[in-house]
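The sequence and the model are shown first.

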Amino acid sequence: MMTNTHRPNCANAQKPGCKCADCGGSLHGWQGWTTLAADRQGERDDRRRKLEGSIETRRSGSLRFNACNRQAYFDLARLDIADYLWATDDRPRLNGRLPPEDLSLEPSSASSDYGRVTVLAQRVMEETWPEISVGIDNLVKNKSDAREVKKLLADHIWCSLLVALIQLIERFNKAIELLTDAAKRFIKEALSHRFESGISPLVANAVISLVVDKAWSALARLLEAHFPLLGTDTLRALRILTVFTCPSVEHHPEVYQHAAKPLMGDTNEIVTDEIKAQVVILFSAWWRRRGPDALA
């Protein structure tokens, strides 16, 4: 993996709702979680103890239904996913750690879920961001305004793009059908619903088009490199990446519905039963309070 060069709180998803102009959300969360997945088991055990220690209970011992516990248990689910990624990667360990992904190899050589997650994240998000950032600077001449636009992109745009891609892959059975103009329009529309801002509609549409065009080109290059864009393995990798990336799942029901729930029901038993049960209880109560349309 490339060296983390932006805010650690953003990379490690330590600030729910993070709006980082340095990466526009393209590096949020997934860098920290994939790094943790590649690390020694002791590092993940330490994180688990800290998360369990942050859980709040009533005097009776029952769980509090609050934002702190939703965040803690969702992070525990992410930690289970990190454990799964480490355990299912067959490469030899170096001092208990997974070796870095060899970026000189073809993307099709990624044979584990850890490899597929990192390839998708690097090619579609990390490597496209520098051009997107420059494109925004060219579209929005005022430096301060351009920075605000990049912060807006960090507010669920990347996880919205991933969810839309998941929905498309569920719908199609041929990669050539996936990369059509109609599919591209579907993703642009999905992102436009999340990109609510004070900037002009013309600029907003141009920014969304820029993001989708760069991501689309990256997907096309992956297809040319024989990376399997369709199938159960890619869907699982996209769902993991989505869960790792989303800055605040409780404010993004589509991520819960199309990424988190399928992962919790995955036959590979990625998330442990205890964590799964608590996540479902806490978030079901949250969605009920938000109203009947929250998961429509």
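## Cysteines

The model is predicted. A search of the whole structure finds zero disulfides. C10 counts as buried, at 2% relative accessibility.

C246 has its closest cysteine sulfur in C159, at 3.8 Å, which is again too far for a bond. C246 is buried, with a relative accessible area of 2%.

## Packing of α6 and α7

Two packed helices are described by the angle between their axes and the distance between the axes. Helix α6 (residues 129–139) packs with helix α7 (residues 143–153) at an angle of about 135°, and their axes are 9 Å apart. The two helices are therefore oblique to each other, since angles have to be over 145 degrees to count as roughly antiparallel. The crossing of α6 past α7 is right-handed.

On the α6 side the contact is made by W129, I132, S133, I136 and D137, and on the α7 side by A146, V149, K150 and L153. By type, the residues of this contact between α6 and α7 are six nonpolar, one polar and two charged.

## Packing of α13 and α14

Helix α13 (residues 253–264) and helix α14 (residues 273–290) have axes that come within 12 Å and cross at roughly 160°. That angle makes α13 roughly antiparallel to α14. α13 passes α14 in a left-handed crossing.

From α13, the residues P253, Y256 and M264 meet K276, V279, V280, F283, W287 and R290 of α14. The contact of α13 with α14 comprises seven nonpolar and two charged residues, with no polar ones. The buried residues in α13 are P253, V255, Y256, H258, A259, A260, L263 and M264. The buried residues of α13 pack against α14 and also against α4 (67–87), α8 (157–171) and α12 (232–245).

## Buried loop residues

T128 lies in the loop between α5 (113–126) and α6, and at 5% relative accessibility T128 counts as buried. Which residues touch T128, leaving aside its neighbours within four places in sequence? T128 is in contact with R123, W158, K214, A215 and A218.

E101 belongs to the loop between α4 and α5. E101 counts as buried because its relative accessibility is 17%, and the cut-off is under 20%. The C-alpha atoms of E101 and T118 are separated by 7.9 Å, and these residues are 17 apart along the chain.

## Positive phi values

Most residues other than glycine have a negative phi. H156 is not a glycine, yet has a positive phi of about 80°. H156 is placed in the loop between α7 and α8. H156 counts as buried, at 4% relative accessibility.

E269, also a residue other than glycine, has a positive phi near 55°. The loop between α13 and α14 holds E269. Is E269 buried or exposed? With a relative accessible area of 67%, E269 is exposed.

Note on methods: Residues numbered from 1 in each chain as written. Predicted model: local features only at pLDDT ≥ 70, side-chain atom pairs only at ≥ 80, totals over all residues. Heavy atoms only, no water. Axes fitted to C-alpha atoms, helices over the stretch in contact; angles between N-to-C directions. Helix = DSSP H or I, 4+ residues; strand = E, 2+ residues; numbered from the N terminus. Parallel < 35°, antiparallel > 145°, perpendicular 65-115°, else oblique. Left-handed = near helix turned anticlockwise from the far one by under 90°. Contact = heavy atoms within 4.5 Å. Nonpolar A, V, L, I, M, F, W, Y, C, P; charged D, E, K, R; others polar. Disulfide = S-S within 2.5 Å. Buried < 20%, exposed > 50% of the residue type's maximum accessible area, 1.4 Å probe, protein only.
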